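Keep the viewer open as you read.

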Amino acid sequence: MRDYSNVPVFILLGPPGAGKGTQAKVLEDQFGLIQLSTGDLLRQAVAAGTPAGNAAKSVMEAGGLVSDEIVINILRDRLADPDCAAGVILDGFPRTIPQAEALSDLLTSYGTQVHAAISLEVEDDAMVERISGRHTCDGCGEGYHETFKRPAVEGICDKCGSTKFRRRADDNADTVRRRLVAYHDETAPLISFYKKTGALQALDAMGDIGSITNELRQIVRPITINVRGVQVSDKITKTTQMEETQ
Ligand SMILES: [Zn+2]
């Protein structure tokens, strides 16, 4: 069996609107990590017709929920792909303690572990304000915000002069707050779990995107270098050196 002991594994935890997708992309680009989201994993496995993918397909076609066991099998298969050797970021998995335990067992059997569970911490009130204030011009799609970006002339789009604006139905304050409450309920046990394993890293995600990226890099870079050890590829060494000189 392949040696996975030099494969860094990260988990990114954060509520909708915290910029998880953007940050994961940065980590992919800068460290060669592969982002694995549950939805993508399932789709790929079903399309590839692997045994676990076929199992997932029949469950989904019957309208059922794909079991943790199937997801773990799909993840086991995916980790064996060569591109994952540089390291992975899990997004959307695990969501529960049984999933976290199953993941831990899988990684242990591979000789690796979750090196950091990075929690993007947000202030709920500020998040509600940030998300629920968003709206876009109906005419040209320009984005506005009630607090942070109002048109120069009230009610008239700066770009196209339209007076019609639209707002995503699920961006209203009540919905955003409900989403956050659900997120905290779901994530709190995981936060405790990874606190116990020593992998938890909390990161203030209320600043601007650039400074969050910087803090994230400071967590990810040393772990990545350390875990990869001597097997660091040229590409990655170059990327890291470039960053050091920035
Ligand atoms: Zn407009």
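**Starting from one valine**

Val176 is buried, with 22 other C-beta atoms within 10 Å; buried here means 20 or more other C-beta atoms within 10 Å of the residue's own, against 12 or fewer for exposed and partly exposed in between, with C-beta atoms placed from the backbone. This is a predicted model, so local features need pLDDT of at least 70 and side-chain atom pairs count only at pLDDT 80 or more, while totals for chains, interfaces and linings use all residues. Residues are numbered from 1 along each chain as its sequence is written.

Where does Val176 lie? You'll find Val176 in helix α7, residues 173–197. Helices (H or I, at least four residues) and strands (E, at least two) are DSSP runs, numbered from the N terminus. Leaving out residues up to four places away in sequence, Val176 touches Met127, Val128, Ile131, Ser132 and Asp171; contact means that the C-beta atoms of two residues, placed from the backbone, lie within 7 Å. Take Ser132: it sits 44 residues from Val176 along the chain, yet 7.1 Å separates their C-alpha atoms.

Now for the sheets. Five strands make an open sheet with parallel pairing, in the order β2-β3-β1-β4-β8; strands pair if DSSP finds at least two bridges between them. At the edges stand β2 (34–37) and β8 (200–204), each with a single partner strand, so one side of each has no neighbour in the sheet. On average, neighbouring strands here are turned by 25 degrees against each other, direction ignored. For axes, think of lines fitted to C-alpha atoms, for helices over the stretch in contact, with angles running from 0 to 180 degrees between N-to-C directions.

β2 pairs with β3 (residues 88–91) in the parallel sense over four bridges, and Leu36 stands opposite Leu90 in β3. Helix α1 (residues 20–31) packs on this sheet, where it touches β1 (9–13), β2, β3 and β4 (116–121). The direction of α1 makes about 170 degrees with that of β3.

There's a second open sheet too, with three strands in the order β6-β5-β7 and antiparallel pairing. Its edge strands, β6 and β7, each pair on one side only. Three bridges link β5 (residues 134–137) to β6 (residues 143–145), with Arg134 opposite His145. Five residues lie between the strands of this hairpin, and Gly141 takes a positive phi near 85 degrees there.

How do α2 and α3 pack? Helix α2 (residues 38–48) and helix α3 (residues 51–61) meet at an angle of about 105 degrees, with their axes 7 Å apart. They are therefore roughly perpendicular, a label for angles of 65 to 115 degrees; under 35 counts as roughly parallel, over 145 as roughly antiparallel and the rest as oblique. Leu42, Ala45, Val46 and Ala48 of α2 make the contact with Ala52, Gly53, Ala56 and Lys57 of α3.

Finally, how far does the predictor trust all this? The protein chain averages a pLDDT of 89, and 93% of the residues score at least 70; pLDDT is the predictor's confidence in each residue, from 0 to 100. Among the elements, β1 has the highest mean (96) and helix α9 (residues 234–244) the lowest (47). Over residues 231–246 the pLDDT is below 50, and this stretch has 13 contacts in the model beyond near neighbours in sequence.
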